[in-house]
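Thank you all for making the time this morning.

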Amino acid sequence: MNKIQQSISFLLMLFALAVLVSCENEIVVEEFESAAVDFSYQSTSIHYVIGENINFTNQSLVGDSYQWDFGDGNTSTEPNPLHKYTQPGTYKVKLTVAETGYAEKTIMISDIIPIVSYSSEDGAIVYNQSKVKFDVQLLNPENQSAIYQWSFPTGTTGEGIDENGKSSQESPEVVFGAIGSQNVTLKIVLGDKELTPLSVNVKVNYDKPVKTLFYAVKGGNIMSRKLIYDDIDQSINNPFNLGYRSGKHPLTLDVAGDWVYVFDAG
């Protein structure tokens, strides 16, 4: 075999080896986001909740064919689509522009959670005396029917409050018939969905100045109780839940001015 034949044979062998290697290790083309593709989104409010229209705006510099993927199984080919999410969660939204690339952003959609507040013309709410009005802030982007189910403690009175402390009014006004922390709960059915129940702790005072006992509940909160010796039904003299944790091993309490100090044994 002369040198020319040897060179040809060597080149053929290299070519066959290159083909074999390329077949065994195929080149994977990875897709990257494109700087020329971009979009923004905005809700009709600042909350981004289920059932609310989210306005997606294409801000791409090129292209005339668009493919939106909203991350919840829904898609669109409109340049600037509107979309509603039916479940809370975090979604990845992807806009693909034909023959250009794509852009991807994350959007977080919240459930509808009402906010309950209460007010009274009295500086301190007093049992059997102060009128307390409850109000609800409820996001309702689809204007669905809302059913209110209030539950007040025993002894609470007011227009629309039945003998079991129930009310279906949107903004009831009540008078509490007991002392201490009064737990008020609210359930709302919006359309055909029951929202997460809410609970409000209202502190109701005695109508005379009396001594107060402070105590700590192990693994619970700091509590207080009015020491009332008048001729009243003691069943309506409930403790006040001050909303501060006592600690795992509360030993004793000390009151100084407006401060309550808890001493924890270990």
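Let me start with a term: a residue is called buried when it has under 20% relative accessible area, exposed when it has over 50%, and partly exposed in between, with a 1.4 Å probe and only protein chains considered. By that definition, buried residues make up 30% of the 266 residues in the protein.

Please keep in mind that this is a predicted model, in which local features need pLDDT of at least 70 and side-chain atom pairs count only at pLDDT 80 or more, while totals for chains, interfaces and linings use all residues. Residues are numbered from 1 along each chain as its sequence is written, and side-chain values use heavy atoms, with hydrogens and water left out.

On the overall make-up, the secondary structure comes to 1 helix and 20 strands, where helices (H or I, at least four residues) and strands (E, at least two) are DSSP runs numbered from the N terminus. If we take contact to mean heavy atoms within 4.5 Å, then among contacts with a separation of 6 or more, 50% are between residues 24 or more positions apart. The protein exposes about 17100 Å², of which carbon and sulfur atoms supply 52%; accessible areas here come from the Shrake-Rupley method with a 1.4 Å probe, and for residues only the protein chains shown count as cover.

Let me turn to strand S13, residues 180-190, which is mostly covered, with 8 of its 11 residues buried. Which strands does S13 pair with, if two strands pair when DSSP finds at least two bridges between them? Strand S10, residues 146-151, pairs with S13 in the antiparallel sense over 6 bridges, and Tyr148 has Ile188 of S13 as its bridge partner. Strand S15, residues 198-204, is also antiparallel to S13, over 7 bridges, with Ser181 bridged to Lys203 in S15. Strand S14, residues 193-194, is joined to S13 by 2 bridges and runs antiparallel to it, Val189 being partnered there with Glu194. S13 and S14 form a hairpin with 2 residues between them, and Gly191 in the turn has a positive phi of about 65°.

Next come two open sheets. Within it, 4 bridges join strand S3, residues 66-69, to strand S6, residues 89-97, and Tyr66 has Val97 in S6 as its bridge partner.

The other has 3 strands in the order S8-S9-S12, again with antiparallel pairing. Its edge strands are S8 (115-120) and S12 (173-174), each of which pairs on one side only. S8 and strand S9, residues 132-137, pair over 6 bridges, and the bridge partner of Ile115 in S9 is Gln137.

Finally, the surface: Leu251, Trp259, Tyr261 and Phe263 make a nonpolar patch of about 510 Å². Patches are made of residues with over 30% relative accessible area and no salt bridge, like charges being joined within 9 Å and nonpolar side chains (Val, Leu, Ile, Met, Phe, Trp, Tyr) within 5 Å; a salt bridge is a side-chain nitrogen of Lys or Arg within 4 Å of a carboxyl oxygen of Asp or Glu. Strand S20, residues 259-264, contributes the largest share of the nonpolar patch, 3 residues. Tyr261 is found in S20, and Tyr261 counts as partly exposed because its relative accessibility is 42%.

Technical notes:
Two strands pair if DSSP finds at least two bridges between them.
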